[in-house]
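Here is a colleague's note, written for someone meeting a protein model for the first time. Please keep the sequence and the picture open while you read.

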Amino acid sequence: MTLKIVIDEGAEGRAVAAPYEQVRAQIAAQARAGSLPVGYKLPTVRGLAEGLGLAANTVAKAYRALEEDGVIETRGRNGTFVAAAGDAAARGAAAAAQAYAERVRRLGLSEEDAGAAVRDALRAAYGSAG
C-alpha cells in the first residue's frame, strides 16, 4: 500500500482541476477506497511536494482541506495520518446540513425551495445532469 498521485497538467485548451484539488481528491478517494488505510502515515508536505514537482504551499493547502474534511489528521511532530474518515465525514456532513437548514429557515425559504437549492448545488458539485 502506497500513496499514488498523478498530477494532470492538462493539454492546451483542456481544463483540469487545480493541482491542490487533484492532490486532495486523490488522497480522499484512496482513503475512502481503503487503499490508504486508517493510520497510514502520509509523506511530509515538503516531501510530497518535491515528489510531485509542486510548491509546498500547494500540498499544504490540500492537506488543510483534507484535515477540515476529517480525512486526515495531523499529530504534531509525529506526522500526518489517514483518519477514520467515515465517521468524521458523516459528522461533518450532518453539521453542514444542520447549519444550512438553520440558515435557509432564517432567510425565509420554504422547505421545498431549500431542497431545490441543495439539489442544484449537488448537481453542480458532482457534475450530474439529472
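Predicted model: local features only at pLDDT ≥ 70, side-chain atom pairs only at ≥ 80, totals over all residues.

1. Residues are numbered from 1 along each chain as its sequence is written, and side-chain values use heavy atoms, with hydrogens and water left out.

2. **The chain as a whole.** The chain holds five helices and three strands, where helices (H or I, at least four residues) and strands (E, at least two) are DSSP runs numbered from the N terminus. Followed along the sequence, these elements give the pattern α-β-α-α-β-β-α-α. The C-alpha trace spans about 50 × 40 × 25 Å along its principal axes. Of the 130 residues, 26% count as buried; buried means under 20% relative accessible area, exposed means over 50%, and partly exposed lies in between, with a 1.4 Å probe and protein chains only. Among contacts (heavy atoms within 4.5 Å) between residues at least 6 apart in sequence, 47% join residues at least 24 apart.

3. **Helix 3 and its cover.** Helix 3, which runs over residues 56–68, has 13 residues and reaches 18 Å from its first C-alpha to its last, close to the 18 Å expected at 1.5 Å a residue. The expected span is 1.5 Å times one less than the number of residues. Val 59, Ala 60, Ala 62, Tyr 63, Ala 65 and Leu 66 are buried in this helix, and what covers its buried residues includes helix 1, strand 1 (41–42), helix 2, strand 2 (72–74) and strand 3 (80–82). After helix 3 comes Gly 70, with a positive phi near 80 degrees.

4. **Helix 2 against helix 3.** Helix 2 (residues 45–52) packs with helix 3 at an angle of about 120 degrees, their axes being 8 Å apart. Here axes are lines fitted to C-alpha atoms, for helices over the stretch in contact, and angles run from 0 to 180 degrees between N-to-C directions. The two helices are therefore oblique to each other, because angles under 35 degrees count as roughly parallel, over 145 as roughly antiparallel, 65 to 115 as roughly perpendicular and the rest as oblique. Val 45, Leu 48 and Ala 49 of helix 2 meet Ala 56, Val 59, Ala 60 and Tyr 63 of helix 3. The residues of this contact divide into seven nonpolar, no polar and no charged, where Ala, Val, Leu, Ile, Met, Phe, Trp, Tyr, Cys and Pro count as nonpolar, Asp, Glu, Lys and Arg as charged, and the others, Gly among them, as polar.

5. **Helix 1 against helix 3.** Helix 1 and helix 3 pack at an angle of about 45 degrees, with their axes 8 Å apart, and are therefore oblique to each other. Pro 19, Tyr 20, Val 23, Arg 24, Ile 27 and Ala 28 in helix 1 meet Thr 58, Lys 61, Ala 62, Tyr 63, Ala 65 and Leu 66 in helix 3. The residues of this contact divide into nine nonpolar, one polar and two charged.

6. **Two buried residues.** Is Tyr 63 buried or exposed? At 5% relative accessibility, Tyr 63 counts as buried. Leaving out residues up to four places away in sequence, Tyr 63 touches Ile 27, Leu 42, Pro 43, Thr 44, Val 45, Leu 48, Ile 72 and Thr 80. The C-alpha atoms of Tyr 63 and Glu 73 are ten residues apart along the chain and separated by 8.9 Å. Gln 22, in helix 1 (residues 19–33), is also buried, with a relative accessible area of 9%. Beyond its neighbours within four places in sequence, Gln 22 is in contact with Val 6, Ile 7, Asp 8, Val 16 and Ala 17.

7. **Helix 5.** Helix 5 (residues 111–126) has 16 residues and reaches 22 Å from its first C-alpha to its last, close to the 22 Å expected at 1.5 Å a residue. Val 118 lies in this helix and counts as partly exposed at 32% relative accessibility. Arg 119, also found in helix 5, counts as partly exposed at 44%. Just after the helix, Gly 127 takes a positive phi of about 75 degrees.
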